[in-house]
Amino acid sequence: VGVACAVMATSAGKAAGAAAPSDSNIRVVVLGATGSGVSELMQHVETGETDIDAAPPVAEFTRTVQRGSKEYAITFVPTGGCEEHDRLRPLVFLEPTDLVLCVCSVDSTSEGYDDRGMTSQQAMRDIWAPEVKLHCPDVPVLAVGVQTEKRDEGCEGALSKEQMQAVADSWVNSEGKALFCHFLEVSAKNGEGTDELLSKIVETVRARRAR
């Protein structure tokens with residue numbers, strides 16, 4: 001659903017001759033395996049709700065945030081993580097993109113990538129990293145670990161923050177440099193890390209535009 005909405009929005013924008021975005025508008029493409037917690041994260045970012053156990057796919061939405069004296073409109077474009085969306089998903093990159101979020105659960109045993117039976121760490125390695133390298137090699141990418149509450153719930157497959165950082169650091173771009181410019185964690189269930197995520201998005205995009 002998310003990727004279809006994103007594609008339709010992209011086509012409509014081009015057909016309407018949309019004006020160039022202002023420096024207060026930020027477009028973020030969100031990649032994440034089905035069942036990895038990406039839908040819960042997006043619902044939490046959009047609504048502020050917490051204690052989310054499961055959420056349906058979220059369509060494109062805009063979240064307004066205030067940083068200093070300036071207001072930013074961050075448009076999040078969630079993409080479909082299932083196999084049937086593989087050929088559609090790259091179309092979201094036709095629209096100018098400021099930043100990409102790669103979302104990965106801390107649960108190393110959760111095989112949420114539909115019928116492929118991949119964990120979200122495997123999907124990051126085999127699906128998201130190659131797509132980012134191919135379609136937006138010059139766009140900054142943040143790695144986001146989610147479902148961190150599973151550590152406190154005693155989930156045997158829950159990786160520590162240090163282990164998740166190592167996973168993120170292990171992916172490199174075509175030049176051998178780290179693919180992700182930063183790694184951070186968010187819990188949609190507990191409402192932890194959201195402000196840091198929004199601040200890091202603004203900070204990263206501002207730094208890129210200032211070059």
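# A chat about the fold and its cores

Modeller: Buried residues make up 50% of the 211 residues in this chain, where buried means under 20% relative accessible area, exposed means over 50% and partly exposed lies in between (1.4 Å probe, protein chains only). This is a predicted model, in which local features need pLDDT of at least 70 and side-chain atom pairs count only at pLDDT 80 or more, while totals for chains, interfaces and linings use all residues. Residues are numbered from 1 along each chain as its sequence is written, and side-chain values use heavy atoms, with hydrogens and water left out.

Biologist: Thanks! How many helices and strands does the chain have?

Modeller: There are six helices and six strands. Both are DSSP runs numbered from the N terminus, with helices being H or I of at least four residues and strands being E of at least two. Along the sequence the pattern reads α-β-α-β-β-β-α-β-α-α-β-α.

Biologist: And what share of the contacts comes from residues 24 or more positions apart?

Modeller: Among contacts in the chain with a separation of 6 or more, such residues account for 71%. Contact here means heavy atoms within 4.5 Å.

Biologist: On to the inside, then. Which residues of the largest nonpolar core touch the most other members?

Modeller: Val100, Cys102, Trp128, Val132 and Phe180 do, in a core of 30 residues. A nonpolar core is a set of buried Ala, Val, Leu, Ile, Met, Phe, Trp, Tyr and Cys residues joined through side-chain atoms within 4.5 Å. Two or more residues each come from strand E1 (25-32), strand E4 (99-105), helix H3 (120-135), strand E5 (141-146) and helix H5 (161-169). H3 gives the largest share, six residues.

Biologist: What does Val100 touch?

Modeller: Leaving out residues up to four places away in sequence, Val100 touches Val29, Leu31, Phe93, Val132, Cys136, Val139, Pro140, Val141 and Leu142. There is also a second, separate core of 26 residues, and Met42, Ile74, Val202 and Val205 are among its members.

Biologist: Let's stay with E4. How many of its residues are buried?

Modeller: Seven of the seven, so E4 is largely enclosed by the rest of the structure. Leu99, Leu101, Val103 and Ser105 point one way, Val100, Cys102 and Cys104 point the other way, and all are buried. In a regular strand the side chains alternate between the two faces of the sheet.

Biologist: In which sense does E4 pair with E1?

Modeller: E1 and E4 pair in the parallel sense over five bridges, and Val30 stands opposite Leu101 in E4. For two strands to count as paired, DSSP has to find at least two bridges between them. E4 also runs parallel to E5, joined by six bridges, and there Leu101 has Leu142 as its bridge partner.

Biologist: How many bridges join E5 to E6?

Modeller: Five, and those two strands run parallel. Val146 is partnered by Val186 in E6. Strand E6 (residues 182-186) is mostly covered, with four of its five residues buried.

Biologist: New topic: His44. Which helix is that in?

Modeller: His44 belongs to helix H2 (residues 38-47). Eight of the 10 residues in H2 are buried, including Val38, Leu41, Met42 and His44. After H2 comes Gly48, with a positive phi near 85°.

Biologist: Why is His44 called buried?

Modeller: Because its relative accessible area is 5%. His44 and Ala188 are 144 residues apart in sequence, yet 5.6 Å apart in space, C-alpha to C-alpha.

Biologist: What about Ser24, buried or exposed?

Modeller: Ser24 counts as buried, because its relative accessibility is 18%. Ser24 sits in the loop between helix H1 (2-15) and E1. Its contacts include Lys70, Tyr72 and Arg209.

Biologist: And the outside? Where is Leu94?

Modeller: Leu94 is in the loop between strand E3 (70-78) and E4, and with 51% relative accessible area it is exposed. Leu88, Leu91 and Leu94 form a nonpolar patch on the surface, with about 240 Å² of accessible area together. Accessible areas come from the Shrake-Rupley method with a 1.4 Å probe, and for residues only the protein chains shown count as cover.

Notes. Patches are made of residues with over 30% relative accessible area and no salt bridge: like charges are joined within 9 Å, nonpolar side chains (Val, Leu, Ile, Met, Phe, Trp, Tyr) within 5 Å. A salt bridge is a side-chain nitrogen of Lys or Arg within 4 Å of a carboxyl oxygen of Asp or Glu.
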